[in-house]
Amino acid sequence: MSTFDALRGQLLDAAEAFSGGGDVLAGILSGMVDDVDRMLREELEIFPVCHHSPASALAMTRRLRDKRPKVVYLELCEDMRPLLDELRNCRLPVALQAFATQLDGFPAGSGPLSVIAPVTEASAEYQAIAYALDTPGVEIVLVDRSVDHVFQWLPQETDGPDPHEQAAQGDEAALHSDDVALHGDAVGVEIGDLRPRFAELEKHLLHHGKVRHWSEWWDQYVEQPLTGADYDTYRQAMALIGSLFRRLRPDGHGRLAVDEERERYMWTRIREHLAESGADPADCLYVCGAFHAVSTVAEFGLRSEAPPYTIAPRTGTRWLHGLIPSSHSAIEAQFGLAQGSVSIAAATWAKAVRRGGVTPYRLEGQQGGRAKQGGKRGGSAAPPVAAEPAADRLSGFLAAPPALDGLDEDELRGWCVDIVRLARRNGYLASTADAIAVFETSILLAGLRGRARPTPYDFADAAVTCIEKDAVPGRRDVRRLCEILLGGDKIGMVGYDALPPLARDVYDRLEPLGLDLTRRTQQRVLLDLRADPELEPCSDLLWTLRHLLPDGALRPIMGARRLGERPIQESWDVALGRHQREIVELGYEGVTVEQVLEQRLRRMAWDPQATAGAALAAVEDAILYVGGRRLPGELGACAVELLAAERTVDDAPEVLRRIRRLLTYYRASEPELPAWCEDFVTAGYSHYCTLLPTAFADDETGVRQVGAMLGFLFTLESLALSLGCDRAQLELAVRQSHPRDPAKVALLWAAQTQLGLLTREELRARCDELLANPLVVPAYPLYVSGFVQALEPVPGLAPFVVEALSKAFARLPDPVLLPWLPTLICTLRQHAPELVPVLVREAGRTFPGALAELDAWTPPWERPAAPVRAARAAAAPSGPVSTLLARHPGACDAVAVLLGCTAEWGSTGHGNGEVAALLDRHPATTGAVAALLGA
């Protein structure tokens, strides 16, 4: 007879009474009992767990001390095994991470790929890891799919989303988003995922359990009853829950197929290890989620007769492994748990350890907490307990109500007093009356929810109800304060010895600053580079890290790094402790930050979507943070190739701004321009001349881009001509341009004026015609925006633009001018925000500076032209200079031929009496000049 025949009969009778003879419910209940029975009859002992469960951790601690297995099989990615030895150098919680940027076998553009597996002290997996690593002769084997297979199977896994993956996390997570984001965008894997995959079932359980979130239901109906249960009861109850959730699932759920593949994978790895090592299954323990403990695949068990399972090969992707800091809030956000649930679980674990006399396992040398070892307690270890036949513990457990703890008034009273104290510190007008109200409301809520003792969830709801009246006065709301009170958001840290070489190199090189880089607080540091030149390497490293790390890790308060500038003092706000994950992930890319920066700059320049502007930005960053000539030269040559290959001018403003800055830097710091700069200017001159007519005519090309093209051609024209370019190419491009857009027409007129194809008087006449034509007046702001854009390539046009705007304000009537003003302002703001100050300065020089001068002021363009003075009769040259030139006419003849002058030489006489008289009175000057010239 089966161990659970009596329980099976009771469940079938209940199904008969409940469903009226239906086979579906009877099959589900009977199948659940069969699943538990099959797990217990398996030769290899299976330990079902739930992730981050204090009850699972307590049961694991007791079982390890009783059984003392020699091999522990753990449901975790098998290629993460080397990371387990580094956990002793960390302060929990931390996350095991696998990271890949160079992908082979996955879709292009899907990287970087990242997988994390968080580990907390209040978890069964950590107890198993600590026991195995610190107990001689014990081996721990990770048997779950590799990280590579996680992403190979990910498309199948996302076919059927879980209800809790779509659950809203609430606005409260934004209060500590920095800690929530510790995992980044990594894919999370957990040991013992145990949650209903049937949305209606979860909704039913939450409704009848009178709770708001699944974590609260699990704590009340599973964690609390099983915390003090014996091992057999715990094991059978967890297996029963896993079977329930496995059988109550939607049909065609895509994730079930992936779970079954994982179960085949794990049992295959277990059999392979047993065959290779020759270990006795009686000395082994298989730790997996309760969902997998009752698997129905054919490969289940050591005596399975199913055909051998073929494991698919891994791709050629190179995976890098490391440890990153984690936190309770990051774990909650990653796996859809209620805010504060992991902190409450940690508090429950600590309280159960104190109350139950259980000494948990802890890695030797582990940071934080007390170094205790469960296996060393009480001197010599007791012999292993012999395995006993499994008895039916489920019947009694399910029939009897759970033994609930009585009301602990001292604990609840302490919570109420402390939450009022915290609330007052954070700006709430809380008082002793609020503490009393929270106390009574907690008891009331617990009674309404069928609890003899208020849980932390009841206390948090009561505190929110009684203290948070209308608004949150500070940064933290009451629920967040309750979480801090009940243990806070514990944040882990990766120890120095467990860091990758790059992170250790960063810590070593910043040691002269005297900062504690492991602190999560913001620290201020002052660098006096003139007094302490040895701090310059630290300054260089800080600027490089600021470029590589996200905002907030490093913030310069004083000092800046620009081309050609070196500050003598710097002040920094350093918060590297909050961004340890980002520093660790930098270590996956290289050995030093300089190597990582060079790789990123090369990827930026040689990216298939890169533009010439992006390549020039890489050149500038290479000069600022790497130095030397090799890397900027290579990136600059790439920028030349990108510019010549571009078929659009969308990037022209950025190209103009950056190449001007780079040319200014090289002219000030180098004896000559690099070869790539000369090539860039010549290529850009030819390239923009070729595209100029098309850009003028294309409606999709903005006036800003055309203005930048003209700015490149006009401002760099002298350099381009000295390098061999032909100005006729620019003149032909301008003559072939025929724009229709008003702003581009104005740009073309400005270009023609600069080239001498259009005089200033003709340009003024055309603008006057525009103002005189009422049909064109609504479009006049667009012409003005074109003229303003022309200030960059033709800065001498600023007085004319002021004149054009002044005439518009003077001549247009108010019914036309007032509706036109908003359009003018919006046009200038959209198309030329940085050029408006140039226009304002020119207007300041044109208009009077005092109000009293305004009445008598006449605009320069309205003043009468000055009369042309009659040319004075050419006086005959006189003096020793004229005599000298007349005596040696060759130089003057050559200059006259060069200038095209055809005048004849006249007689040398002293026609100018005043000059002759002056020279006669002071002959010493004439004599000195004559002696100097050898006359």
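How do strands S3 and S4 pair, in the parallel or the antiparallel sense, and over how many bridges? In this predicted model, where local features need pLDDT of at least 70, side-chain atom pairs count only at pLDDT 80 or more, and totals for chains, interfaces and linings use all residues, strand S3 (residues 94-100) and S4 pair in the antiparallel sense, over seven bridges. Residue numbers run from 1 along each chain as its sequence is written, and side-chain values use heavy atoms, with hydrogens and water left out.

Pairing here takes at least two DSSP bridges between two strands; helices (H or I, at least four residues) and strands (E, at least two) are DSSP runs, numbered from the N terminus. One of the bridges links Leu96 to Ala117 in S4. Strand S4 spans residues 113-119, and seven of its seven residues are buried (under 20% relative accessible area, with exposed over 50% and partly exposed in between, using a 1.4 Å probe and protein chains only). Leu113, Val115, Ala117 and Val119 point one way, while Ser114, Ile116 and Pro118 point the other way.

Further along, Val258 sits in helix H12 (residues 254-277) and is buried at 1% relative accessibility. Val258 lies 105 residues from Trp153 in sequence, yet the C-alpha atoms are 6.9 Å apart in space.

Ser571 belongs to strand S11 (residues 569-574) and is buried too, at 9% relative accessible area. Leaving aside residues up to four places away in sequence, Ser571 touches Arg524, Val525, Leu526, Arg555, Pro556, Ile557 and Met558, where contact means heavy atoms within 4.5 Å.

As for disulfides (pairs of cysteine sulfur atoms within 2.5 Å), the count is zero.
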